[in-house]
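Colleague: Before I rely on the labels attached to this model, please take me through them one at a time, setting each value against the definition behind it.

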Amino acid sequence: MVDSQKAGNIFSNQFTYHISIPEPENHLLHVELAIANWQNEFIDLKLPVWTPGSYLVREYAKHLQNFEATTANGEKLLWQKISKNHWRVNTGNNSLIKIRYRIFCNELTVRTNHIDSTHAFFTGAAVFMYIPEYQHHPFQIEIDIPKENWRIATALPNANSSNSFYAKDFDTLVDSPFEIGIQEQHEFTVHGKPHRWIIWGQHNADVQRIIKDTSEIIAVEADIFGGLPYDRYDFILHASNGFGGLEHKNSTVLLYNRLGFRKEESYLQFMNLVAHEFFHTWNVKRLRPKALETFDYDNENYTGSLWFSEGTTSYYDQIFPLRTGLYDAKHYLKLVSKSITRLQTTYGRHVQSLYDSSFDTWIKLYRPDANTHNNQISYYLKGELVSMLLDLLIRKQSNNLRSLDRVLQIMWERFGKEEIGFSEAELHEVIEKVAGVDLSDFWNNYLYGTKELDYNYYLEPFGLELRSARQDIPFIGLTLKSKNGIAEVEKVEFGSPAQKAGISTGDSLLAIAGVRVTAENFNERLKDFAVGEAIALTIFHQDLLKTVEVVLQEPIYTHFDIVQLPNASPSQETNLKLWLSI
């Protein structure tokens, strides 16, 4: 909490935002920025084009309308738009300027804004303008609540009143979303520090169970880093439809199916999401690549290290619930098997390296198209599996005296505590130091190259083996979805029989060998034919009816499972026990 008198002195300088929502039903957020003590002829204002943690230029300015600039007396000032997110105001030598605009808020995700009759959620990058040369100055934010039963939740400290808040700089303002409205607030304490679950939306969750499991996850994550790096922390949950999470320094925003908490598997998936976003408290929010040390809100911020920032976090979001006892080793290995299956059935693993996936996230990961399956992999997914292999390698090389945990601890001490960005070379140096071996081949094969991950080489010392199973139908290389009762081609794998026959995404598949086919019975129909057999497919391609011949190939591997070796040695059993806390 900021002392009111001290806060008043801080705010006497310059920038105060006033937020109001006079008619929530029209989804408009009214924003006023009062700029005091201005001494220049012009003011340049910008709205970010992206938000940290979500690596896509989202063009937030497209939702901004009714921009105006006035003096303290309401006299209108001249202004012009310089670029898509840049406004320039002629101050007329006035020292107090008011900027007003409205933001349309009707997109419920963790990285956008949403207002309806029950709440207003907004994220800083999508609402607040900044003056480039004043990004390090403090801000005051005042909120008008439109309804008596609405409450305000944000990680920002209060300033002069319960509806007034303080941000020490623009980065902090961007990093502190607001949830305002009808909400549940559940307080709990971990390691002597206050935490809250703030829940908007009807749901079927057992909140006390969530608090218990969250507390244990917080504690086990804090153990790695020697404590919690904040004074208080908020978990903001939107119980609605969809899935997602976005990390912040002192809070996180989660989106989850409102009815997805009762079924055990779905609940455990939710706790994986909680563990993932909370781990970002360290990895990404404070311990981050050099390219993200200082945010450029106007442009893409390129880094090849998202495999560590997000992929390693994905590895640990499954490990931490295991360490707390939320589930057992069998469930954990099932999760890893699913991840391996997803990667090994993605043709893009042959085309895009893990490094390139990280670097090109701005134009690829969040913009899937018809060829995504064939030319991309996710740095979350492959990064998770590469992190697992590194953990196993370090454990084997050190006889279980060290693990990937030690890498995180060293990185935290060297870079995270002081929020100094790390380079790729510095990250590799720390990993190799902990592993005690030169990992040049590892990086060249698995980070910069597209060589297949050698799972069994790393699993064998732990008494585990990856086994694969083939699909029980001939391989044709396409997947279908039902659209208005018609089987529409959703994916065509590169080099497959379907592609060689000229079938494309978006084609309508009508019949096999003259018999009508649907998306639902397609795989069953393929069982009627043999490998090497040529079959006639009737399709609509660009609205033209045609028949093409497809030669079926050997079934492919579509399922991968990690299993324990039946005759594991004592050392293998010990290694497995120490890794998975069995």
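Modeller: I473 touches N523, L526, K527 and P555, once residues up to four places away in sequence are left out, where contact means heavy atoms within 4.5 Å. This is a predicted model, in which local features need pLDDT of at least 70 and side-chain atom pairs count only at pLDDT 80 or more, whereas totals for chains, interfaces and linings use all residues. Residues are numbered from 1 along each chain as its sequence is written, and side-chain values use heavy atoms, with hydrogens and water left out.

Colleague: Why does I473 count as buried?

Modeller: The relative accessibility of I473 is 3%, so it counts as buried (buried is under 20% relative accessible area, exposed is over 50%, and partly exposed lies in between, with a 1.4 Å probe and protein chains only). I473 belongs to the loop between β19 (464–470) and β20 (478–483); helices (H or I, at least four residues) and strands (E, at least two) are DSSP runs, numbered from the N terminus.

Colleague: What makes P132 partly exposed?

Modeller: Its relative accessible area is 31%, and P132 is therefore partly exposed. P132 sits in the loop between β9 (119–122) and β10 (139–143), and touches D44 and K46, not counting residues up to four places away in sequence.

Colleague: Does N484 count as buried or exposed, and what is the value behind it?

Modeller: N484 has 77% relative accessibility and therefore counts as exposed. N484 is found in the loop between β20 and β21 (486–492), and it has a positive phi of about 55° although it is not a glycine. V284 also has a positive phi in a residue other than glycine, near 115°, but at 7% relative accessibility V284 counts as buried.

Colleague: How do you know that α4 is largely enclosed by the rest of the structure?

Modeller: Of the 16 residues of α4, 13 are buried, which is why α4 is described as largely enclosed. Helix α4 (residues 264–279) reaches 22 Å from its first C-alpha to its last, close to the 22 Å expected at 1.5 Å a residue, the expected span being 1.5 Å times one less than the number of residues.

Colleague: What is the angle between α9 and α12, and how far apart are their axes?

Modeller: Helix α9 (residues 379–397) and helix α12 (residues 440–447) pack at about 160°, with axes 12 Å apart. That makes α9 roughly antiparallel to α12 (under 35 degrees is roughly parallel, over 145 roughly antiparallel, 65 to 115 roughly perpendicular and the rest oblique; axes are lines fitted to C-alpha atoms, for helices over the stretch in contact, and angles run from 0 to 180 degrees between N-to-C directions). In this contact K382, V386, L389, L390 and L393 of α9 meet F442, W443 and Y446 of α12. By class, these are seven nonpolar, no polar and one charged residues (Ala, Val, Leu, Ile, Met, Phe, Trp, Tyr, Cys and Pro count as nonpolar, Asp, Glu, Lys and Arg as charged, and the others, Gly among them, as polar).

Colleague: At what angle do α3 and α5 cross?

Modeller: The axes of α3 (residues 207–225) and α5 (residues 306–324) come within 9 Å and cross at roughly 110°. That makes α3 roughly perpendicular to α5. E216, I217, V220, E221 and I224 of α3 make the contact with Y316, F320, P321, R323 and T324 of α5, and these residues divide into six nonpolar, one polar and three charged.
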